[in-house]
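Study the sequence and the structure, then work through each solution in order.

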Amino acid sequence: MPGPEPGEAAGARTTVVVWITESTWPACVDAARARAPHDDVVLLHVGDDEVVAAAHRAYAGLLGRGHRPDRDPGARLEALAGPAAADLLEAAAHRLGRPCELLEHHGRVEHEVVRAAAGADLLICARDGEPDRPGPHSLGRATRFVVDHAACPVLLVWPYGE
């Protein structure tokens, strides 16, 4: 017999972590509104530090040492990432339409999502792979890792066709 849905037990409040990404966040927030209307919701965005590091390395590798640091595209990406993530989390919170916790992590995306969901009762994330190919190809690399390693139930939603 399947267990209760999050928030179903008498008076029990559960925690639902919603993984927010730039391309799939509306579907994930809508799923949280529909599936966890009375639960504590945590909206999580993870900045991929590898993108910034790759830009730093590319600049140094292409132009060598001794070039002006203010022209390093990695620094510019780093400066833009924080406000962009905050804006995305605020938009998601507005769409959710009720109080929630906003978390912004940095690091290796899949590891940070698994770590943030460790104490949760449910993790909501979206399929982010090839929309025309159901099955394993409908999940990107990071999402596949999260589905395989999350210590809580995972709700996968289809973000396409909104």
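**Exercise 1. Determine how strands β4 and β5 are paired and how the chain passes between them.**

Step 1. Strand β4 (residues 122-126) and strand β5 (residues 154-157) are joined by four bridges in the parallel sense. Two strands count as paired if DSSP finds at least two bridges between them.

Step 2. Between β4 and β5 the chain passes through helix α5 (residues 141-149), in a right-handed β-α-β crossover. Right-handed means that, with the strands pointing away from the viewer, the path from the first strand over the helix to the second runs clockwise.

A note on the source: this is a predicted model, in which local features need pLDDT of at least 70 and side-chain atom pairs count only at pLDDT 80 or more, while totals for chains, interfaces and linings use all residues. Residues are numbered from 1 along each chain as its sequence is written, and side-chain values use heavy atoms, with hydrogens and water left out.

**Exercise 2. State the order of the five strands in the sheet.**

Step 1. The open sheet has the order β3-β2-β1-β4-β5, with parallel pairing. Its edge strands are β3 (101-107) and β5, each of which pairs on one side only.

Step 2. From one strand to the next, the twist averages 25 degrees. Angles run from 0 to 180 degrees between N-to-C directions, and axes are lines fitted to C-alpha atoms, for helices over the stretch in contact.

Step 3. Strand β1 (residues 15-19) pairs with β4 in the parallel sense over three bridges. Here Val17 stands opposite Leu123 in β4.

**Exercise 3. Describe where helix α4 lies and which of its residues are buried.**

Step 1. Helix α4 (residues 109-116) lies across β1, β2 (40-48), β3 and β4, and runs at about 160 degrees to β2.

Step 2. Its buried residues are Val109, Glu110, Glu112, Val113 and Val114. Buried means under 20% relative accessible area, exposed over 50%, and partly exposed in between (1.4 Å probe, protein chains only).

Step 3. The cover over these residues includes β1, β2, β3, β4 and α5.

**Exercise 4. Identify which members of the largest nonpolar core touch the most other members.**

Step 1. A nonpolar core is a set of buried Ala, Val, Leu, Ile, Met, Phe, Trp, Tyr and Cys residues joined through side-chain atoms within 4.5 Å. Among the 21 residues of the largest core, Val18, Ile20, Val29, Leu43 and Ile124 touch the most other members.

Step 2. Two or more residues come from each of β1, α1 (25-35), β2, α3 (73-96) and β4. Helix α1 contributes the most, with six residues.

Step 3. A second, separate core of 16 residues includes Val109, Cys125, Ala142 and Cys152.

**Exercise 5. How many disulfides does the structure contain?**

Step 1. A disulfide is a pair of cysteine sulfur atoms within 2.5 Å. A search of the whole structure finds zero.

Step 2. Cys28 is in no disulfide, and the nearest cysteine sulfur, that of Cys125, is 6.5 Å away. Cys28 is buried, with a relative accessible area of 0%, and Cys125 is also buried, with a value of 1%.

Key
Contact means heavy atoms within 4.5 Å.
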